[in-house]
Amino acid sequence: MAEAHSAVAFSFAITHEGFDINYDHEVLNLVWNSGVRSWKKRMARARNGIRNGVYPAHIQSLWLITAIALGLHFAGYQAPFNLTNRLLVHLPSNTMNWQITACFLAALVIWLSICFTMRYTLKLLLIYKGWMYESRAPGSRVSIPTMLWVAVVRVLSSWNKPGLYSFQGSLPRLPLPSVKDTMTRYLRSVRPLLDDDNYKRMEGLAKEFEQTIGKKLQWYLILKSWWSTNYVSDWWEEYVYLRGRSPLCVNSNFYGTDAIFMNLTNVQAARAANVISLLLNFRRLIEHQELQPIMVQGMIPLCSWQYERTFNTARIPGLETDRIVHYRDSNYIVVLHKGCYYKMIIYYKGRILRPCELQVQIEDIMKAKATPVDGEEHLAALTAWNRSKWAETRNTFFSRGVNHVSLRTIESAAFVLSLDEEPFEFDLKRPELLDSFGKKLLHGNGYNRWFDKCFTVCVGSNGRVGFNAEHTWSDAAIASHMWENLIVDDLVSDGYDEAGNTKGTPEFQPPTPTRLNWDLKPCLAQIEEATVCATKLINEVNLRILVHQEYGKGFMKKCRLSPDAYIQMALQLAYYRDAGRFSLTYEASMTRLFREGRTETVRPCTIESAAWVKAMQDPSTTNDHRVQLLKDACDRHQLGYQDAMCGRGIDRHLFCLYVVSKYLEVDSPFLNEVLSEPWRLSTSQTPHGQTPKMDLKKHPNCISAGGGFGPVADDGYGVSYIIAGENLIFFHISAKTTCPITDVNRFSEHICQALADIRSMFEQHMKDHPKPAKTITNGKST
């Protein structure tokens with residue numbers, strides 16, 4: 001065993017002849033290499049810290065300014081503010097060396113002044129959000145202030161090639177809306193959901209809150225917004241995620257799928273090896289800050305803070321609240337195969353193992369005839385259990401001995417990889433196969449995913465892959481970026497030979513993966529109870545993945561509507577037809593234009609969307625009127641989305657006011673009612689195109705089918721969608737099987753019908769109002 005080998009790597013004994021020292025050269029060499037690697041990372045972090053601290057200026061520009069200062073001084077000219085001579089007075093003497101020192105110090109002061117001037121100028125510019133509200137309609141003109149703003153921001157943001165965290169110090173803080181503005185937006189958002197009497201009652205509650213306790217609560221938030229980097233994110237992470245006691249499986253974790261229209265190899269070990277290698281390359285880009293930050297329109301940076309915890313991270317259960325633990329480094333992953341856990345070294349002899357070497361390790365695991373010890377096969381069900389029960393079990397049975405060592409090994413691994421014994425299949429003629437694919441990723445069998453880990457890579461027996469991710473450490477956009485990068489690189493790297501194995505020949509025999517040791521007999525009852533609960537949980541959820549190929553964003557843009565707004569209106573119509581009423585609808589938007597921003601809620605059910613839905617159900621409404629109502633609804637939705645991205649949302653402000661009220665032990669009927677409203681339709685769009693490597697024109701099949709999540713409400717739907725191309729949309733629809741009023745198959749049919757009805761509506765409108773044909777007059781198009 002590796003542990004035993006390490007234990008005797010170095011020993012000494014005192015004999016009558018003196019000291020007898022024994023050591024293992026190979027193990028000590030491993031220790032040495034590990035220390036060297038650690039120091040290299042520290043030096044890289046220090047270097048990147050300096051680069052980020054002075055961005056957007058160049059570090060090399062210091063030497064240019066120093067040369068200028070030296071030239072001015074020895075040519076008899078004064079530096080700005082006579083800095084050189086002023087500094088020279090305080091130095092020991094006026095010799096040549098001290099004059100050079102004074103010139104350098106003067107140059108350093110001037111250089112730092114320039115750096116911080118550029119940095120805070122950029123920060124002030126990024127506070128401006130008027131560009132977000134500029135019309136993007138064909139023929140519309142951008143305002144002069146925005147044009148000037150764009151010119152200056154483009155110069156500053158492209159002055160120097162940024163690292164991953166270069167813009168962090170320049171991003172503005174999330175603004176705090178006034179209570180009055182939030183009350184106005186909230187009341188408008190609930191108007192289509194309430195009858196006149198209930199709306200008047202809610203108006204009274206809101207007015208009372210605004211004029212009384214709301215003022216006091218707002219003052220505390222003002223103080224927090226001044227003191228903290230982001231007045232929402234830390235409370236959001238703690239109270240929405242870490243204090244939740246429900247199982248992570250289905251209720252919190254989300255999943256992502258493979259690029260289902262391409263199949264690079266059917267060899268499970270080969271695909272697993274290449275995926276591991278590509279993920280480790282992505283980790284290296286993050287650690288070295290070589291990953292380019294995402295820039296909106298090529299110049300406006302998004303916050304990169306969440307990338308820091310992508311790897312080497314685990315959620316640790318607690319009796320009352322969990323905690324997120326991020327390890328600075330990890331040179332191994334944990335592999336789960338046939339109920340057995342293996343520690344697999346990924347860094348050996350001073351470098352990361354190559355795919356062909358990783359495949360050898362994976363094949364060693366797959367060929368092993370090991371059988372799980374009692375309780376080991378169902379061990380991961382503990383992570384799908386109630387958080388307090390899992391914490392109690394962890395404290396009792398995993399706080400010492402081999403269980404503690406093995407659990408720590410899993411939690412500190414780079415990530416977990418599960419080699420499934422079933423294939424992940426897809427066939428357009430058999431949609432149930434894709435549904436099964438999604439279910440295997442969302443929850444598996446309840447005990448073949450380590451739900452506490454930052455993410456578990458799942459590899460089917462046929463070589464298709466997916467992932468299951470814990471939600472606390474980041475939002476879906478970060479995991480989506482990682483996965484998109486992996487899929488593109490896996491295609492363009494051409495890493496498989498004709499037989500489907502990884503290319504290349506191992507340079508050496510890689511370290512053999514080692515089994516993790518367990519003593520689970522004392523906690524078999526807890527593992528069994530967790531398994532029963534996990535099985536019940538996954539049996540209560542149903543999932544449908546709808547592949548919509550009739551049309552996509554191409555037709556939506558032809559209608560001059562935002563594709564996201566278009567789909568959200570289709571979902572409103574589908575839900576109304578399914579449930580016979582409107583419901584509070586959640587759409588996730590990001591606030592990463594601000595430092596440490598995460599998400600904000602967009603409320604797609606608006607006065608305008610409700611008017612359009614009712615018009616679609618009213619046969620007497622003319623087609624032109626329906627088209628106009630839809631355009632109005634999409635414009636309102638777009639405005640709500642823009643407000644959310646710019647820090648003018650509703651729900652995060654109300655959430656923080658509620659948290660303050662609980663700290664002060666002040667009861668607010670308004671906040672109690674608002675925060676208890678169920679989100680019966682919870683939606684999210686999976687972003688794509690976050691890496692410039694993706695070229696769908698060149699590789700049209702190189703796109704993931706997106707991912708999904710479980711329903712937020714027991715009597716509602718969870719809908720995730722990805723606009724995958726000009727004529728392709730994926731919908732991931734989930735609901736509880738125990739609810740008699742929801743049905744994923746019925747709702748998917750309503751979505752298809754809603755999209756078809758909107759298309760027919762616009763096609764009729766275009767037919768009734770054809771565009772005038774272009775004519776050429778005197779060489780000009782009219």
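**β17 and its partners**

I looked up Met 590 and found it opposite Thr 599 in β18. This is a predicted model, and I read every entry below with that in mind. β17 and β18 run antiparallel and are joined by four bridges. I then turned to the other partner of interest, β19 (residues 681-685), which runs parallel to β17 (residues 585-590) and is joined to it by three bridges. For Tyr 586 I noted Ser 682 as the bridge partner in β19.

**Cavities**

I counted the cavities of 30 Å³ or more and got three.

I went on to the second largest cavity, with a volume of about 50 Å³. Its lining consists of Leu 174, Pro 177, Tyr 231, Val 232, Thr 591, Glu 600, Ala 644, Gly 647, Gly 649, Arg 652 and His 653. By class I have five nonpolar, four polar and two charged residues for the second largest cavity.

Which strands stand at the edges of the open sheet? I wrote down the order as β15-β9-β8-β12-β13-β14-β3-β20, eight strands with mixed pairing. The edges are β15 (514-515) and β20 (707-709); each has a single partner strand, so one side of each is left without a neighbour in the sheet. At the β20 end, I saw that β3 (residues 254-256) pairs with β20 in the antiparallel sense over three bridges. Gly 256 stands opposite Gly 707 there.

I also looked for helices on this sheet. α12 (residues 355-367) lies across β8 (332-337), β9 (340-345) and β12 (416-419), and runs at about 160° to β9. α14 (residues 401-411) packs on the sheet as well, touching β8, β9 and β12. For α14 I recorded an angle of about 105° between its direction and that of β8.

**Helix α20**

I asked which residues of α20 (residues 607-617) are buried. The list is Glu 608, Ser 609, Ala 610, Trp 612, Val 613, Ala 615 and Met 616. A helix has 3.6 residues a turn, so residues three or four places apart point the same way. What do the buried residues of α20 pack against? I found four helices: α7 (179-190), α19 (563-579), α21 (623-645) and α24 (744-768).

**Leu 433**

Leaving out residues up to four places away in sequence, Leu 433 touches Glu 425, Phe 426 and Asp 427. I also checked Ile 545, which is 112 residues from Leu 433 along the chain. The C-alpha atoms of Leu 433 and Ile 545 are separated by 9.5 Å.

Conventions: Residues numbered from 1 in each chain as written. Predicted model: local features only at pLDDT ≥ 70, side-chain atom pairs only at ≥ 80, totals over all residues. Heavy atoms only, no water. 1 Å grid on protein atoms, 1.4 Å probe; cavity = no way out; pocket = protein on both sides within 12 Å on 5 of 7 lines; lining within 4 Å. Points joined across faces, edges and corners; volume = space filled by probe spheres on them. Nonpolar A, V, L, I, M, F, W, Y, C, P; charged D, E, K, R; others polar. Buried < 20%, exposed > 50% of the residue type's maximum accessible area, 1.4 Å probe, protein only. Helix = DSSP H or I, 4+ residues; strand = E, 2+ residues; numbered from the N terminus. Contact = heavy atoms within 4.5 Å. Pairing = 2+ DSSP bridges. Axes fitted to C-alpha atoms, helices over the stretch in contact; angles between N-to-C directions.
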